[in-house]
Each structure stands twice: as C-alpha cells, then as structure tokens.
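I opened my notebook to look this structure over. These are my entries, in the order I made them.

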Amino acid sequence: MTRQARRITIAARRFLGGAALLGAGAVAASVLVSSRSVAEDTPPKALTFANAAGVLRTLYTRDGFDRDNPFFQELGSNGRTCATCHRPAQAWTITPAEVQNRFERTGGRDPIFRTNDGSNCAAADISTMQKRREAFSLLLARGLIRIALDVPAGADFEVAGVDDPYRCGGSLTTASLYRRPLPTTNLTFLSAVMWDGRATVAGRGIQEDLVAQTLDAAVRHAGATVPRESELREIVAFERGLVTAQVLDRAAGSLIGAGARGGPSALAMQPFCIGVNDPIGMLPSTPGSCAAPATGLDPAVFTLFGGWATDWSAERQAIARGEIIFNTRRFVIDNVPGLNGGPQDPLSGPISSGTCTVCHNTPNAGNHSVSMPLNIGIAAAARRTPDLPLYTLRNTITGELLQMTDPGRAMVTGRWSDIGKFKGPVLRALAARAPYFHDGSARSLADVIEFYDTRFHVGLTGREKADLLAFLQAL
Ligand code: HEC
Ligand code: HEC
C-alpha cells in the first residue's frame, strides 16, 4: 500500500469507527460516507454522519480535511489524539453510547480509558475488565472526563469537605470536576474557551486562547511533552476551519433550502464578532470584538426556519414554531449569578420579559456573544445525583457554606461570587451529542427543556415543549 493510501485507510477507519455504531440506527447506512469517497486521494470537504434525529454534517472551510493534521496524531505517550475525545460523528465531542461501544470493542483498553483523566479517580485499579468498568463508570455512563483543578492561591473560599462516592482521597486543595468535552467545531463563534473560561485571558483574543488551550490539552490529556508551536497552530487552524450542523431531520426532511437555512454551509457564512448581540452592553476590548457596541439585544437570534411557518409539512411547521418559542417566549429570569443574582452583577432585579435568547444570543449559533459566565443552577446541591461528588465550600471571610458538585469559574478566579458559573455553549449540532450541560446531567434535549421549564417557571405547554424539541434537534 502506498503511504497515501495507507494514510487514508487509517483515517477512514478512525472516522468510520464513530459512524459504524450509528449504522445500527434508523437512518440508512448509505449516509455514513463522506460527501466524497474516503478512498479518493483528494481530501474531502465534508463529513456526514447519521444520528438518532437525522444527519449531521461537518464542512471544512479550508482546503479539505487533512488527516495528517496533528489533531489526529498521537501527541504524547498514552496513545491519545485530540480525536480520542473530539469525534466527528458525535459533533466533535463524545457520547456515552460511542464510548461504551469502544469499551466493549477493546475490552476497556482504548486510549480514552486512561487513568490520568478518564477514570473517576487518578489512582484507579484497572487490572481486570470488571475493575475497568467501575473505574471508568462516569465516562461510560455520561461521557465525563475528570478535570483536576487546584483552588487558586489567594481564593476567598476553601474546600471544607467533599462527599466523594469514589473515595478518591487526596488533598482538599484540589478538586476533581467531571465535565463533558466541548465540541471542537464552530469555534469561530466563541467568546470564551472552556466551560469555566479558564483558557480565556482578557485582551488576548480567542485565536491565542485556543493555542494555549491546545498546549494544555496535549500535555494534560495526551501526556505530551511540549509540542512544537507550529503543531499547536496547525491544530487550531484545523479546528477553526470546522463548521457543523444537522442537514437532515428524520421527521422534516432536508433542513437546507425550500425556505430553510439549516446546515453548515449557511452557518459558515454567518458573520460574528464578540459582542455582536450583547444584551447588557458589556463590549470588551479584545481582539475579535465588534467595532461598535451592539444597540441592545435583538431577541430574534435564530433566523433559520421562518420560511417554514406556513409550510405544507406539519413537522416543518413545528420546527418553525420552536424557533419562535426560543426567540420570543417570555419568562422571568431572576437570581442568576453573573446576570442578576448578586451585588456585583450587571443587572439588579429580575428580567421580567426574558427569553432563551437573553443568554443564548449569538445569531444562529446560540452561545453567549460576549463572555458571560452564569450560574443557572446546574451544579447546585439540590440537583446532585449520587454518582457525582458534592463539595462543601467555605467562604473564608464570612464563614458562609455552600455545597456544589462543581465550583465552576470560582476555581479559575478564586472568587466566591463565581461559584457555579459556566458558559453557555454553541447550540448547533445538539442532536449528535447528548447528554447536555457541563456535567451531562440532562440525558436528552427533552430533559434540558424540563430543566428550564422548572428553573424559570416558564409554563410551557406540551405542544410548546414538542415544538422547542423539534427545533433544537434541527440545529
Ligand atoms: C481525554 C479527553 C480529551 C482529549 C484527549 C482532548 N480533549 Fe479537548 N476537551 C475535553 C474536555 C473534558 C473539555 C472541557 C473541559 C472544561 O471545559 O473544563 C475539552 C475542551 C476543549 C476545547 C474547548 C472548546 C470550547 O468551546 O471552549 C477545545 C478547543 C479542545 N478541547 C481542543 C482539544 C485539542 C486541540 C485536543 C488535542 C490536543 C484535545 N482537546 C484533546 C476533553 C479532551
Ligand atoms: C440565564 C441564562 C440562560 C437562559 C435564559 C437559558 N440558558 Fe440555556 N444555557 C445557559 C448556560 C449558562 C448553559 C450552560 C450551563 C452548564 O452546563 O452549567 C446553558 C446550556 C444550554 C443547553 C445545553 C448545551 C450543551 O451543549 O450542553 C441547551 C440545549 C440550552 N441551554 C437551551 C436553552 C433553552 C431552550 C432556553 C430557553 C428555554 C435556555 N437555554 C435559556 C444559559 C441560559
């Protein structure tokens, strides 16, 4: 076999490894191949995969998928690549089903099953298959990776105790946080990098944040010694060239054309600058931010499916209604630290006519268009399930106690007021990558909708929930 042919075969195996599982789903297996055959020498411009809701496509906006990109290469000593945890078929993250499949196929020896951050505890016993099943239970059940972070020096809080179901032991100055890998696609819309924004440095710009993040990922996840700067930049250029969205919905058919603007091609044309739809005039001066401040929030964030409002298809109408609900359905947003939940917050008092788009405000992408870490209560003690640790945090100034499954941004800034804050991720390609929220606590998009309906007393009717679900699945 020529080097080129071997390279492509290996790459095809890597990509199709994720898709093979999905072939068991309801969508015909024929959609599993990329838009050009992987056997051809020209690198493909798009990768297409089936999922439970329909079909997902990633467009590569640069010169074609270069499978020699270091993103797909082992960077360190533990056999891992970036694609170990960022898989094209799962919208460039991982899902429990695919991870379980890898476990069964490899007897729990695939490189994702490493104790540096794949297992519940660092010192896990992985000597037998049964032990491995236990050691990697959070990864298998929820697709969670362990992130160990130290309480920052000078923090105004300390970890007073932890109720740890795995009894990992270790010092209370370090916390093990179990988080979902964020997708490494649609990155041109980011206003902060990582769930807690820890790779984002004020004034540096997202491009350089991503270079720093790549170095950290290579060292922490893949056990690399310091990779070459040129490799880091190649990885970032690759990631920033990826655009991913659903292209076909099982109920409504093609999401492109006939009045709709779904799919990655339209998304690739979507302009963005940081602060483009900034609800509270926070415009930061950082590379990549808009030249002029936005003039208040435009709540019509998603403008993809308006043309289907009067379509002959009931399924298409449902998606169109769901988009309107996301943009305009009013509810009260109150007590959200980072927005209006504390004395330092930009707003005092409730937002009486809030919408999903107050927070999910980047046009047609749905993340925060300006960095805005928020505590919507995902890590609150009340939502804790027995498989997650519960940390007791003590304010060293006031003595106040707070229990959380993950202190969130506070582990970056050391500030009590940042406890439980996370960023709102890009809301595209959702259907391919359940479960949701930083801790994978929402098993489905229906669970996400239930969370919001309860948390913000939205009062959605059964039909509104169904419409919103149809819309979110079509993104
Ligand atoms: C062991 C699994 C694993 C591997 C391997 C891995 N990542 Fe990640 N990645 C994660 C997790 C988990 C997060 C979220 C962590 C957090 O926010 O605290 C993440 C987050 C990211 C993000 C942030 C995206 C955003 O929206 O903020 C980028 C970019 C990223 N990874 C790129 C990479 C690159 C590049 C590599 C290879 C050098 C890599 N990752 C290897 C698990 C992994
Ligand atoms: C007050 C701000 C706010 C409002 C209002 C809001 N969200 Fe969110 N959303 C967030 C934040 C912050 C996260 C990430 C939370 C976490 O994981 O800890 C999030 C996460 C999500 C996710 C999961 C994304 C992923 O990749 O895991 C979905 C889906 C979502 N929101 C949909 C909605 C819908 C639908 C509405 C309206 C009913 C809504 N949101 C209203 C702030 C908000």
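Which residue in β13 stands opposite Leu 393? I looked it up, and Leu 402 is the residue that stands there.

**Ground rules**

I noted that the model is predicted, that local features need pLDDT of at least 70, that side-chain atom pairs count only at pLDDT 80 or more, and that totals for chains, interfaces and linings use all residues. Residues are numbered from 1 along each chain as its sequence is written, while chains are lettered from A and ligands numbered from 1 in the order in which they are written.

**Whole chain**

I found 12 helices and 13 strands in the chain. Here helices (H or I, at least four residues) and strands (E, at least two) are DSSP runs, numbered from the N terminus. The radius of gyration is 22 Å, close to the 23 Å from the globule rule for 475 residues, so the chain is as compact as a globular protein of that length. That radius is taken over C-alpha atoms, and the rule is 2.2 Å times the number of residues to the power 0.38. The C-alpha trace spans about 70 × 60 × 40 Å along its principal axes.

I then checked burial. Of the 475 residues, 47% are buried. A residue is buried if 20 or more other C-beta atoms lie within 10 Å of its own, exposed if 12 or fewer, and partly exposed in between, with C-beta atoms placed from the backbone.

**Strands**

I went back to β13. Strand β12 (residues 390–395) is joined to β13 by four bridges, and the two run antiparallel. Both belong to an open sheet of three strands, in the order β4-β12-β13, with antiparallel pairing. Its edge strands are β4 (157–163) and β13 (401–404), each pairing on one side only. Two strands pair if DSSP finds at least two bridges between them.

Next I looked at β5 (residues 174–179). Five of its six residues are buried. Six bridges join β5 to β3, and these strands run antiparallel. One partner pair is Leu 149 with Ala 175 in β5.

**Ligand 1**

How many residues surround ligand 1? I read off 27, and the closest are Cys 82, Cys 85, Pro 181, Trp 195 and His 221. Near means that the C-beta atom, placed from the backbone, lies within 6 Å of the molecule or strand. Elements giving two or more residues are β3 (145–150), α5 (206–220) and α6 (229–240). The largest share, five residues, comes from α5. I sorted the shell into 16 nonpolar, six polar and five charged residues. Nonpolar covers Ala, Val, Leu, Ile, Met, Phe, Trp, Tyr, Cys and Pro; charged covers Asp, Glu, Lys and Arg; the others, Gly among them, are polar.

**Ligand 2**

Around ligand 2 I found 24 residues, the closest being Cys 356, Cys 359, Phe 422, Tyr 436 and Phe 437. Helices α9 (356–359), α11 (445–455) and α12 (462–473) each supply at least two. The most, three residues, come from α9. This shell has 20 nonpolar residues, four polar and no charged.

**Glu 323**

Is Glu 323 buried or exposed? Glu 323 is buried, because 26 other C-beta atoms lie within 10 Å. I placed Glu 323 in helix α8 (residues 314–328). Beyond its neighbours within four places in sequence, Glu 323 is in contact with Phe 302, Leu 304, Phe 305 and Phe 471. Contact means C-beta atoms, placed from the backbone, within 7 Å.

Technical notes. Contact = placed C-beta atoms within 7 Å.
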